[in-house]
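I opened the notebook today to look at charged side chains and helix faces. Here is the model I had on screen.

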Amino acid sequence: MSDYHLNRLLFDMAGRHAMVESIDDAAQLDAYDLTADEREALRRGDLERLYALGANPYLIRRVF
């Protein structure tokens, strides 16, 4: 499983100085090839799970 798309989403959001609450619909996530587990962790704001899935800790901190 690749964590590239998860980190790409977090990188793009951090670059826009956007917080995770700014994801207002699933259509924004469709541009990224995220697994159901990654989508759920983002939706729930489960930082430990995101880290376990391979999200970069720096990007997690910037977005959350």
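I counted a salt bridge when a side-chain nitrogen of Lys or Arg sits within 4 Å of a carboxyl oxygen of Asp or Glu. This is a predicted model, so I kept to pLDDT of at least 70 for local features and 80 or more for side-chain atom pairs, while totals for chains, interfaces and linings use all residues. Residues are numbered from 1 along each chain as its sequence is written, and side-chain values use heavy atoms, with hydrogens and water left out.

**Salt bridges**

I found 4 salt bridges in the structure. One of them pairs glutamate 40 with arginine 43, with the closest N and O atoms 2.5 Å apart. Both residues lie in helix α3, 3 residues apart, about one turn of the helix. For helices I took DSSP runs of H or I, at least four residues, numbered from the N terminus.

I then looked up exposure: buried is under 20% relative accessible area, exposed is over 50%, and partly exposed is in between (1.4 Å probe, protein chains only). Glutamate 40 is partly exposed at 31%, and arginine 43 is exposed at 60%.

Next I checked arginine 49, which forms a salt bridge with aspartate 37 at 2.3 Å between the closest N and O atoms. This pair links distant parts of the chain, with arginine 49 in helix α4 (residues 47-52) and aspartate 37 in helix α3, 12 residues apart.

**Faces of α3**

Which residues of helix α3 (residues 36-44) are buried? I noted Glu38, Ala41 and Leu42. Seen down the axis of α3, these fall within an arc of 100° (taken from the directions from the helix axis to the C-beta atoms), so they line one face of the helix. The face turned away from that buried side carries exposed Ala36, Arg43 and Arg44.

Note on methods
Helices (H or I, at least four residues) and strands (E, at least two) are DSSP runs, numbered from the N terminus.
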